[in-house]
Amino acid sequence: MGTLEDFESARPRLLAIAYRMLGAVSESEDAVQETYLRWARADRESIRVPAAWLTKVLTNICLNSLTSARARREEYIGQWLPEPVLDGDPVVGPLETAEQRESVSLAVLYLLEKLTPQERAVFVLKESFSHSHTEIAEILEISTANSQQLFSRAKRHLADAKRSAEVDRDAAERIIKEFLKAASSGDTETLVALLTSDAVVIGDGGGVVTAARKPVLGAERVAKLITGLFRPSQRQLEMIGGLPDLYFTYANGTPSLAITVGEKVVGVIAFSFEGGSVSAIHDAVNPGKLTAFERAWNSFDHGEPLHSFE
């Protein structure tokens, strides 16, 4: 008979699956809670493998949520990015391999929005949690061949995506420090040199905070946008509450900047790299998506900022 301990031992994994499926912390927590309620009501004497039963229930809850979320996101103002999550938060889940770190990055979660709910479920379960196609077929109640087809289709959709190269912490911090120095001084020539020629910025302000509503492509255009951000208007400063500090950190398994005003987190910028250059920047500044990050951020001492506005 399944016990509360069976559910609690599965909870971290369930939360990590839900976040990769939904890209939203509170929705992921709600999905896990709904899974628990169904577990509490179930005939647990008939459940032979609790972890498999819980994964199946959670996945189907997430599929239903994704279907309704698609309609809401069609009305979303500008680009939609998942909620950034500070490394160490349980919702991120395992980050032991390059594949696990990449699968939870803002860049990949953004691209997963282009998949159908079933493609996304198969991709997450196979790529991030190493389920076999036989297991996935059982979870989704489809054939093994269909699971394989969905996975291949998902991989094809993502094949042309800009995938970030692994960069060690010291190198990432050095590149980002040079990036900030060039941006703050208005040195667009150096900034362009730090970017790949096809670099892209994707920002999410949700219509609440100013952000580019379409991806900005090309090193010159990206450099122009970034240097402009380092000359905020008085109105923009009033909107965020003052002059911000920028801290180097890791969010969603990738090198990032946390932008803060006092204890308030006003943005998270995640960087992708290619050949030692910045290839993509995902800029999450919608205040409604920063609550979980801010809660985790203010729970520890994060040292001195990498850059402060003056």
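Helices (H or I, at least four residues) and strands (E, at least two) are DSSP runs, numbered from the N terminus. This is a predicted model, in which local features need pLDDT of at least 70, side-chain atom pairs count only at pLDDT 80 or more, and totals for chains, interfaces and linings use all residues. Residues are numbered from 1 along each chain as its sequence is written, and side-chain values use heavy atoms, leaving out hydrogens and water.

**Strand β3 and its partners**
- Six of the seven residues of β3 (residues 245–251) are buried, so this strand is largely enclosed by the rest of the structure; buried means under 20% relative accessible area with a 1.4 Å probe, protein chains only.
- Seven bridges link β3 to β4 (residues 254–261) in the antiparallel sense; strands pair if DSSP finds at least two bridges between them.
- Thr249 has Ser256 of β4 as its bridge partner.
- The hairpin of β3 and β4 has two residues between the strands, and Asn252 in the turn has a positive phi of about 55°.
- β3 also pairs with β7 (residues 307–308) in the antiparallel sense, over two bridges, with His307 as the bridge partner of Leu246.

**Where pocket linings come from**
- At least two lining residues of the largest pocket come from each of α9 (169–185), β1 (195–204), α11 (219–229), α12 (234–240), β4, β5 (264–274) and β6 (277–284).
- The lining of the largest pocket has 25 nonpolar residues, four polar and one charged; Ala, Val, Leu, Ile, Met, Phe, Trp, Tyr, Cys and Pro count as nonpolar, Asp, Glu, Lys and Arg as charged, and the others, Gly among them, as polar.

Notes:
Buried means under 20% relative accessible area, exposed over 50%, partly exposed in between (1.4 Å probe, protein chains only).
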